[in-house]
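Please have the sequence and the 3D view open side by side.

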Amino acid sequence: MKFFLTLYVCSVVANQCGEVDQNKHAYKQVYDTHAACVKNGLGESFEVLYNGELFKEDEINKYKFYPKYTCVPFQQELELES
């Protein structure tokens with residue numbers, strides 16, 4: 001079983017969350033274990049908010065942004081060889 005990581009940035013002010021666009025912050029999405037997914041979800045969430053590329057500190061404060069992520073299990077489909 002594999003685990004699929006999805007990052008979100010949420011706003012307390014707007015009371016909603018939006019998925020982080022892979023074109024704006026690319027991150028690995030498939031992990032072999034739940035533990036690896038959670039660990040990387042924590043690190044990537046931090047990077048999205050605090051690396052300074054997507055959000056500035058004043059925006060984080062103004063919109064009260066916070067990170068959220070999910071690690072959803074899935075069965076990887078077998079690739080058939082031709």
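This is a predicted model: local features need pLDDT of at least 70, side-chain atom pairs count only at pLDDT 80 or more; totals for chains, interfaces and linings use all residues.

A disulfide is a covalent bond between the sulfur atoms of two cysteines. How many disulfides does the model hold? The count comes to 2 disulfides. If you number the bonded cysteines in sequence order, they pair as 1-2, 3-4.

Take the pair Cys-10 and Cys-17 to start. Their sulfur atoms sit 1.9 Å apart, within the 2.5 Å that a disulfide requires. Now turn the view to look along the S-S bond: the torsion there is about 105°, and therefore this disulfide of Cys-10 and Cys-17 is right-handed. The two partners have their own surroundings. Cys-10 has 0% relative accessibility and so counts as buried, the cut-off for that being under 20%. Cys-17, with a relative accessible area of 37%, is partly exposed.

Next, find the bond between Cys-37 and Cys-71, where the distance from S to S is 2.2 Å. Is this disulfide left-handed or right-handed? The torsion about the S-S bond of Cys-37 and Cys-71 is about -100°, so the answer is left-handed. What does the pair tie together? Cys-37 belongs to helix 1 (residues 34–50) and Cys-71 to strand 4 (residues 65–74), so the bond links parts that are 34 residues apart in sequence. As for burial, Cys-37 counts as buried because its relative accessibility is 0%. Cys-71 counts as buried too, at 15% relative accessibility.

Rolling a probe the size of a water molecule over the atoms shows where empty space is left. In this model, the largest pocket holds about 240 Å³ of space. Its lining is made of 14 residues, and those closest to the centre are Val-9, Gly-18, Glu-19, Val-20 and Phe-55. Which elements give two or more residues to this lining? They are strand 1 (2–11) and strand 2 (16–19). Strand 2 supplies the largest share, 4 residues.

Terms used: Residues are numbered from 1 along each chain as its sequence is written. Side-chain values use heavy atoms; hydrogens and water are left out. Buried means under 20% relative accessible area, exposed over 50%, partly exposed in between (1.4 Å probe, protein chains only). On a 1 Å grid over the protein atoms alone, a cavity is a set of points where a 1.4 Å probe fits but cannot get out, and a pocket is an open set with protein on both sides within 12 Å along at least five of seven lines; lining residues have an atom within 4 Å of a point. Grid points are joined across faces, edges and corners, and a volume is the space filled by probe spheres set on the points.
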